[in-house]
Amino acid sequence: MNFANIENRLATRWLGRNLVRKDDVGSTNDIAAELARAGALHGTVVLAESQTRGRGRQQRPWVSPPSVNLYLSVVLRLDIPPSAAPALTLALGVAVCDTARKAGVDAQLKWPNDVLAPSGKKLAGILAELRCVGERIEHVIAGIGLNVNLVELPEEISTIATSLRLETGREQDRERVLCDLLSALEEWIDRFVVGGAPAVARAWRARAGMLGRRVSLMVGGEPLAGWARDVDDDGALLLDCDDGRRLRVLAGEVGVTY
(Lines give C-alpha, C1' and ligand atoms only; values in the text may rest on other atoms or scores of the structure.)
Protein backbone atom coordinates (compact mmCIF):
# COMPACT_ATOMS: atom_id res chain seq x y z
CA MET A 1 0.00 0.00 0.00
CA ASN A 2 1.12 3.52 -0.77
CA PHE A 3 1.29 5.58 2.41
CA ALA A 4 0.82 8.92 0.61
CA ASN A 5 -2.20 7.58 -1.28
CA ILE A 6 -3.84 6.47 1.96
CA GLU A 7 -3.43 9.92 3.50
CA ASN A 8 -4.85 11.56 0.36
CA ARG A 9 -7.85 9.21 0.21
CA LEU A 10 -8.68 9.23 3.90
CA ALA A 11 -11.89 11.14 4.67
CA THR A 12 -11.92 10.89 8.47
CA ARG A 13 -11.78 13.85 10.85
CA TRP A 14 -9.81 12.36 13.74
CA LEU A 15 -9.27 8.65 13.19
CA GLY A 16 -6.03 7.75 11.47
CA ARG A 17 -4.82 11.31 11.15
CA ASN A 18 -1.82 10.06 13.08
CA LEU A 19 -1.05 6.96 11.02
CA VAL A 20 1.92 4.82 12.01
CA ARG A 21 2.88 2.38 9.24
CA LYS A 22 5.06 -0.65 9.84
CA ASP A 23 6.24 -3.38 7.49
CA ASP A 24 6.50 -6.37 9.82
CA VAL A 25 5.65 -6.39 13.53
CA GLY A 26 4.94 -8.89 16.24
CA SER A 27 1.50 -7.45 17.00
CA THR A 28 -0.04 -4.12 16.08
CA ASN A 29 -1.88 -4.16 19.43
CA ASP A 30 1.44 -4.35 21.26
CA ILE A 31 2.89 -1.44 19.25
CA ALA A 32 -0.26 0.64 19.77
CA ALA A 33 -0.23 -0.07 23.51
CA GLU A 34 3.38 1.10 23.74
CA LEU A 35 2.47 4.30 21.90
CA ALA A 36 -0.57 4.83 24.13
CA ARG A 37 1.51 4.49 27.28
CA ALA A 38 3.89 7.06 25.79
CA GLY A 39 1.00 9.51 25.26
CA ALA A 40 -0.24 8.76 21.73
CA LEU A 41 -3.28 10.79 20.77
CA HIS A 42 -6.84 9.52 20.52
CA GLY A 43 -7.34 8.11 17.03
CA THR A 44 -3.75 7.03 16.43
CA VAL A 45 -3.67 4.03 14.08
CA VAL A 46 -0.89 1.46 13.77
CA LEU A 47 -0.98 -0.30 10.39
CA ALA A 48 1.26 -3.25 9.48
CA GLU A 49 1.84 -5.24 6.32
CA SER A 50 2.32 -8.43 8.33
CA GLN A 51 2.41 -9.74 11.90
CA THR A 52 4.41 -12.56 13.39
CA ARG A 53 2.43 -12.72 16.65
CA GLY A 54 -1.02 -11.53 15.66
CA ARG A 55 -3.64 -12.68 18.13
CA GLY A 56 -7.36 -12.86 18.59
CA ARG A 57 -9.55 -13.58 21.57
CA GLN A 58 -8.39 -16.16 24.10
CA GLN A 59 -4.82 -15.52 22.82
CA ARG A 60 -5.52 -17.51 19.66
CA PRO A 61 -3.04 -16.77 16.84
CA TRP A 62 -4.29 -14.63 13.93
CA VAL A 63 -2.70 -15.70 10.64
CA SER A 64 -1.12 -12.54 9.20
CA PRO A 65 0.70 -13.10 5.88
CA PRO A 66 2.27 -10.05 4.22
CA SER A 67 0.68 -7.62 1.76
CA VAL A 68 -2.74 -9.23 1.35
CA ASN A 69 -4.89 -8.26 4.35
CA LEU A 70 -5.38 -5.42 6.82
CA TYR A 71 -3.82 -5.55 10.28
CA LEU A 72 -4.33 -2.45 12.36
CA SER A 73 -4.82 -1.21 15.90
CA VAL A 74 -6.45 2.00 17.06
CA VAL A 75 -5.69 4.00 20.20
CA LEU A 76 -8.95 5.22 21.75
CA ARG A 77 -9.20 7.59 24.69
CA LEU A 78 -12.88 7.72 25.64
CA ASP A 79 -14.51 8.99 28.80
CA ILE A 80 -16.41 5.78 29.53
CA PRO A 81 -16.46 3.35 32.47
CA PRO A 82 -15.05 -0.17 32.02
CA SER A 83 -18.62 -1.51 32.07
CA ALA A 84 -19.25 0.22 28.72
CA ALA A 85 -16.47 -1.68 26.95
CA PRO A 86 -18.71 -4.52 25.61
CA ALA A 87 -20.94 -2.00 23.84
CA LEU A 88 -17.87 -0.33 22.34
CA THR A 89 -16.83 -3.72 20.98
CA LEU A 90 -20.26 -4.05 19.34
CA ALA A 91 -19.69 -0.67 17.66
CA LEU A 92 -16.38 -1.88 16.27
CA GLY A 93 -18.09 -4.99 14.91
CA VAL A 94 -20.78 -2.95 13.17
CA ALA A 95 -18.11 -0.83 11.49
CA VAL A 96 -16.16 -3.84 10.22
CA CYS A 97 -19.36 -5.53 9.03
CA ASP A 98 -20.39 -2.39 7.11
CA THR A 99 -16.94 -2.26 5.49
CA ALA A 100 -17.24 -5.85 4.28
CA ARG A 101 -20.71 -5.13 2.91
CA LYS A 102 -19.39 -2.08 1.04
CA ALA A 103 -16.78 -4.37 -0.52
CA GLY A 104 -19.54 -6.64 -1.82
CA VAL A 105 -19.91 -9.31 0.87
CA ASP A 106 -23.23 -9.70 2.70
CA ALA A 107 -21.45 -10.01 6.03
CA GLN A 108 -23.14 -10.75 9.35
CA LEU A 109 -22.12 -10.50 12.99
CA LYS A 110 -21.69 -13.27 15.52
CA TRP A 111 -21.54 -12.33 19.19
CA PRO A 112 -19.42 -10.92 20.55
CA ASN A 113 -17.09 -9.69 17.80
CA ASP A 114 -16.81 -12.01 14.79
CA VAL A 115 -17.59 -10.84 11.26
CA LEU A 116 -18.76 -13.72 9.06
CA ALA A 117 -19.41 -14.27 5.36
CA PRO A 118 -22.75 -15.81 4.28
CA SER A 119 -20.95 -19.18 4.27
CA GLY A 120 -20.39 -18.80 8.02
CA LYS A 121 -16.64 -18.49 7.54
CA LYS A 122 -14.76 -15.78 9.37
CA LEU A 123 -13.76 -12.61 7.52
CA ALA A 124 -12.44 -10.56 10.40
CA GLY A 125 -11.62 -10.55 14.06
CA ILE A 126 -11.63 -7.78 16.64
CA LEU A 127 -9.64 -7.66 19.87
CA ALA A 128 -10.24 -4.75 22.27
CA GLU A 129 -7.76 -4.47 25.14
CA LEU A 130 -8.29 -1.98 27.98
CA ARG A 131 -5.92 -0.23 30.34
CA CYS A 132 -7.79 0.96 33.42
CA VAL A 133 -6.84 3.18 36.33
CA GLY A 134 -9.34 2.57 39.10
CA GLU A 135 -12.82 2.95 37.61
CA ARG A 136 -11.55 4.92 34.63
CA ILE A 137 -10.40 3.64 31.25
CA GLU A 138 -7.06 5.21 30.41
CA HIS A 139 -7.15 3.89 26.86
CA VAL A 140 -8.56 1.15 24.66
CA ILE A 141 -6.51 -0.58 21.99
CA ALA A 142 -8.86 -1.85 19.27
CA GLY A 143 -7.13 -4.40 17.08
CA ILE A 144 -8.70 -5.47 13.79
CA GLY A 145 -7.65 -8.14 11.32
CA LEU A 146 -9.63 -8.14 8.08
CA ASN A 147 -8.94 -10.74 5.40
CA VAL A 148 -8.95 -8.79 2.14
CA ASN A 149 -7.02 -10.51 -0.68
CA LEU A 150 -6.04 -13.74 1.06
CA VAL A 151 -6.47 -16.69 -1.36
CA GLU A 152 -4.14 -19.36 0.01
CA LEU A 153 -5.36 -20.29 3.46
CA PRO A 154 -3.26 -22.41 5.79
CA GLU A 155 -4.75 -25.85 6.33
CA GLU A 156 -5.56 -25.15 9.97
CA ILE A 157 -7.99 -22.34 9.05
CA SER A 158 -9.11 -23.37 5.56
CA THR A 159 -12.51 -24.62 6.79
CA ILE A 160 -13.29 -21.68 9.05
CA ALA A 161 -11.84 -18.56 7.38
CA THR A 162 -12.34 -16.67 4.13
CA SER A 163 -11.56 -13.27 2.59
CA LEU A 164 -13.27 -10.47 0.69
CA ARG A 165 -11.54 -11.63 -2.48
CA LEU A 166 -12.61 -15.26 -2.09
CA GLU A 167 -16.20 -14.22 -1.40
CA THR A 168 -16.50 -11.68 -4.25
CA GLY A 169 -14.30 -13.39 -6.81
CA ARG A 170 -12.28 -10.25 -7.47
CA GLU A 171 -9.16 -8.62 -6.12
CA GLN A 172 -9.89 -5.81 -3.69
CA ASP A 173 -8.22 -2.41 -3.50
CA ARG A 174 -6.69 -2.59 -0.02
CA GLU A 175 -6.19 1.16 0.21
CA ARG A 176 -9.88 1.76 -0.50
CA VAL A 177 -10.96 -0.95 1.95
CA LEU A 178 -8.70 0.58 4.61
CA CYS A 179 -10.12 4.07 4.08
CA ASP A 180 -13.68 2.69 4.15
CA LEU A 181 -12.89 0.83 7.37
CA LEU A 182 -11.44 3.89 9.12
CA SER A 183 -14.43 5.99 8.05
CA ALA A 184 -16.86 3.37 9.35
CA LEU A 185 -14.96 3.04 12.63
CA GLU A 186 -15.01 6.79 13.16
CA GLU A 187 -18.73 6.94 12.39
CA TRP A 188 -19.70 4.18 14.81
CA ILE A 189 -17.38 5.26 17.60
CA ASP A 190 -18.88 8.75 17.31
CA ARG A 191 -22.38 7.26 17.39
CA PHE A 192 -21.46 5.27 20.48
CA VAL A 193 -20.14 8.39 22.23
CA VAL A 194 -23.24 10.46 21.36
CA GLY A 195 -26.02 7.86 21.52
CA GLY A 196 -24.58 5.41 24.00
CA ALA A 197 -24.97 1.65 24.01
CA PRO A 198 -28.64 1.49 22.88
CA ALA A 199 -27.91 3.03 19.46
CA VAL A 200 -25.05 0.60 18.89
CA ALA A 201 -27.02 -2.42 20.10
CA ARG A 202 -29.85 -1.65 17.65
CA ALA A 203 -27.38 -1.52 14.77
CA TRP A 204 -25.68 -4.73 15.90
CA ARG A 205 -29.00 -6.60 16.08
CA ALA A 206 -29.83 -5.50 12.52
CA ARG A 207 -26.62 -7.13 11.27
CA ALA A 208 -26.65 -10.24 13.47
CA GLY A 209 -26.87 -13.64 11.84
CA MET A 210 -27.28 -15.71 15.01
CA LEU A 211 -30.25 -14.29 16.91
CA GLY A 212 -33.11 -16.75 17.09
CA ARG A 213 -30.78 -19.64 16.33
CA ARG A 214 -29.57 -22.48 18.49
CA VAL A 215 -26.08 -22.02 19.91
CA SER A 216 -23.59 -23.71 22.18
CA LEU A 217 -21.04 -21.85 24.25
CA MET A 218 -18.60 -22.04 27.08
CA VAL A 219 -19.04 -19.64 30.00
CA GLY A 220 -16.48 -19.82 32.78
CA GLY A 221 -15.64 -23.38 31.76
CA GLU A 222 -19.32 -24.45 31.84
CA PRO A 223 -20.78 -25.79 28.57
CA LEU A 224 -24.19 -24.32 27.77
CA ALA A 225 -26.69 -24.82 24.97
CA GLY A 226 -29.86 -23.03 24.06
CA TRP A 227 -31.31 -20.28 21.89
CA ALA A 228 -29.71 -16.89 21.28
CA ARG A 229 -32.67 -14.57 21.86
CA ASP A 230 -31.19 -11.09 21.84
CA VAL A 231 -28.32 -8.77 22.71
CA ASP A 232 -29.19 -6.20 25.34
CA ASP A 233 -28.21 -2.55 25.33
CA ASP A 234 -25.08 -3.28 27.35
CA GLY A 235 -23.82 -5.78 24.79
CA ALA A 236 -24.69 -8.93 26.75
CA LEU A 237 -26.07 -12.02 25.01
CA LEU A 238 -29.48 -13.18 26.27
CA LEU A 239 -29.57 -16.96 26.15
CA ASP A 240 -32.56 -19.24 26.73
CA CYS A 241 -30.88 -22.38 28.04
CA ASP A 242 -32.13 -25.91 27.54
CA ASP A 243 -32.55 -26.23 31.31
CA GLY A 244 -35.07 -23.36 31.35
CA ARG A 245 -32.77 -20.60 32.57
CA ARG A 246 -32.57 -17.21 30.89
CA LEU A 247 -28.94 -16.16 31.16
CA ARG A 248 -27.31 -12.81 30.50
CA VAL A 249 -23.86 -13.65 29.16
CA LEU A 250 -21.13 -11.01 29.14
CA ALA A 251 -18.30 -13.16 27.77
CA GLY A 252 -18.00 -16.55 26.16
CA GLU A 253 -17.20 -18.54 23.03
CA VAL A 254 -20.26 -19.13 20.85
CA GLY A 255 -20.85 -21.77 18.22
CA VAL A 256 -24.00 -21.66 16.08
CA THR A 257 -25.19 -25.26 15.81
CA TYR A 258 -28.02 -24.77 13.31
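User: In this predicted model, which residue lies over the face of Trp188?

Analyst: The model is a predicted one, and a charge counts as sitting over a ring if CZ of Arg is within 6 Å of the ring centre and within 35 degrees of the ring normal. Over the face of Trp188, at 4.3 Å from the ring centre, lies Arg191.

User: How many aromatic pairs does the structure hold?

Analyst: Rings of Phe, Tyr and Trp are taken as a pair if their centres lie within 6.5 Å. Under this rule the count of aromatic pairs comes to zero.

User: What is the order of the strands in the open sheet, and which strands stand at its edges?

Analyst: The open sheet has seven strands with mixed pairing, in the order β1-β2-β3-β7-β6-β5-β4. Two strands, covering residues 19–25 and 108–110, each have a single partner strand, so one side of each is left without a neighbour in the sheet. From one strand to the next the twist averages 20°. The strands at the edges are β1 and β4.

User: Do β1 and β2 run parallel or antiparallel, and which residue of β2 does Leu19 stand opposite?

Analyst: Strands of a sheet pair through backbone hydrogen bonds, either parallel or antiparallel. Six bridges join β1 to β2, the strand of residues 45–51, and the two run parallel. The residue of β2 that stands opposite Leu19 is Val45.

User: What is the bridge partner of Val46 in β3?

Analyst: Strand β2 is joined to β3 by four bridges, and these two strands run antiparallel. In β3, the bridge partner of Val46 is Ser73.

User: Is β2 enclosed or open to its surroundings, and what is the hand of the crossover from β1 to β2?

Analyst: A residue counts as buried when its relative accessible area is under 20%. Seven of the seven residues of β2 are buried, so the strand is largely enclosed by the rest of the structure. The chain passes from β1 through α2 to β2, and this β-α-β crossover is right-handed.

User: At about what angle does helix α3 run to β6?

Analyst: Helix α3, residues 85–102, lies across β3, β4, β5, β6 and β7. Its angle to β6 is about 150°.

User: Is Val151 buried, partly exposed or exposed, and with which residues is Val151 in contact beyond its neighbours within four places in sequence?

Analyst: Val151 lies in the loop between β7 and α4, and its relative accessibility of 44% makes Val151 count as partly exposed. The C-alpha atoms of Val151 and Leu164 are separated by 9.4 Å, with the two residues 13 apart along the chain. Leaving aside neighbours within four places in sequence, Val151 is in contact with Arg165 and Leu166.

Note on methods:
Residues numbered from 1 in each chain as written. Predicted model: local features only at pLDDT ≥ 70, side-chain atom pairs only at ≥ 80, totals over all residues. Heavy atoms only, no water. Pairing = 2+ DSSP bridges. Axes fitted to C-alpha atoms, helices over the stretch in contact; angles between N-to-C directions. Contact = heavy atoms within 4.5 Å. Phe/Tyr/Trp six-rings, centres within 6.5 Å; stacked < 30°, edge-to-face > 60°. Buried < 20%, exposed > 50% of the residue type's maximum accessible area, 1.4 Å probe, protein only. Right-handed = clockwise from strand over helix to strand, strands pointing away.
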